[in-house]
Amino acid sequence: MNPYPILQNTQRQRVSDGTTQPILKNGETSPRTLVLVWPQLGDFDSLEYAWWVQRERKQLQAEGLAIRAVGIGDRASGEKFCQYTGFPPEELFVDSEAELHRQLDLYSGLSVNVPGLSEGQKAWLNLLLMCAGIGSPGTLAEVFRGYRGDKKAPQLIGDEEVVKAPPLPPLKGSFFNFAGGRGFQRPFELATLRLRNMVEVLRHWNTYVPNPAYLTQRGATFLFDRTGTLLYEHRDRAILGFAENPSNPLSFLSSDRDAEKAAIPTNS
């Protein structure tokens, strides 16, 4: 199923001005459109995915890629999210009840039902079980990758960049060179960025997560050409499973770009 017709007919509140707008508005003339359907805006996946997009922002803009994201939360959630991540508020829309996620038939997460618990309490229980890898394949392996490093992934923190992730002291990027070198994801580097995200969300929990009922809901990635043809999709099945290639979450954009170039006939 191509989800484009659903997305094309979806309107949500835009974070930049609070108005309800079609989420694909003003993207029709772009050669490709990247649609990111995120879980809670306070979720590890949403924050980490936004970090990768911002890291590659200049290259993506140079290619004329239109980016639209929809996350679970309200406008206050979106404003806080954009303030922290730098993600443009005009590209972010909010869905307070994960309605779009249900329309797209995305994975709602583990659903262990314990009598007597409220919806929010059930969500918390299922989230904790998913963090332990239950109903969330690959989560523990991805957590461990954040600590052990990944030579297939790029260096994440510049040598002169300072990362503040309490309770750790401020760490300069060059500090991670002692853990194994430079030019790739060093041990503890990704774990430190995730710790920073966790501290941010816990400090502003009620803003990021106004309704905990959707804590386990997962998201998806869709890439379309200007005609609405689906070029790529990835549907999340786990916490920290937002990317098919966790070492380089946006590598599918390069693969699609190379395939497009290969399809263009050359004059002999």
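Guide: We'll go through a few helices and some of their residues.

Guide: This is a predicted model, where local features need pLDDT of at least 70, side-chain atom pairs count only at pLDDT 80 or more, and totals for chains, interfaces and linings use all residues. Residues are numbered from 1 along each chain as its sequence is written, and side-chain values use heavy atoms, with hydrogens and water left out.

Visitor: How many residues of α8 are buried?
Guide: Eleven of the 15, so α8 is largely enclosed by the rest of the structure. Buried means under 20% relative accessible area, exposed over 50%, partly exposed in between (1.4 Å probe, protein chains only). Helices (H or I, at least four residues) and strands (E, at least two) are DSSP runs, numbered from the N terminus.

Visitor: What do they pack against?
Guide: The buried residues of α8 pack against several elements, including α2 (44–55), α4 (75–85) and α7. Contact means heavy atoms within 4.5 Å.

Visitor: At what angle do α7 and α8 cross?
Guide: Roughly 110°, and the axes of α7 (residues 139–148) and α8 (residues 189–203) come within 4 Å. That makes α7 roughly perpendicular to α8. Axes are lines fitted to C-alpha atoms, for helices over the stretch in contact, and angles run from 0 to 180 degrees between N-to-C directions. Under 35 degrees counts as roughly parallel, over 145 as roughly antiparallel, 65 to 115 as roughly perpendicular and the rest as oblique.

Visitor: Which residues make that contact?
Guide: From α7, Glu142, Val143, Arg145, Gly146 and Tyr147; from α8, Glu189, Leu190, Ala191 and Arg194.

Visitor: Is Thr192 buried or exposed?
Guide: Thr192 counts as buried, because its relative accessibility is 5%. This residue sits in helix α8. Not counting residues up to four places away in sequence, Thr192 touches Val163, Ala165, Leu171 and Phe176.

Visitor: New topic. What happens at the start of α4?
Guide: A side-chain oxygen of Asp74 reaches to within 3.2 Å of the backbone nitrogen of Ala76 there. Just after α4, Gly86 takes a positive phi of about 85°.

Visitor: And which residues of α4 are buried?
Guide: Ser77, Gly78, Lys80, Phe81, Cys82 and Thr85. Their cover includes β3 (32–40), α2, β5 (92–95), α8 and α9.

Visitor: Last one. Where is Arg102?
Guide: Arg102 is in helix α5 (residues 99–103). Its relative accessible area is 49%, so Arg102 is partly exposed. Leaving aside neighbours within four places in sequence, Arg102 is in contact with Glu97 and Tyr214.

Terms used: Polar contact = N/O pair within 3.5 Å; in protein donor to acceptor, adjacent residues only side chain to side chain.
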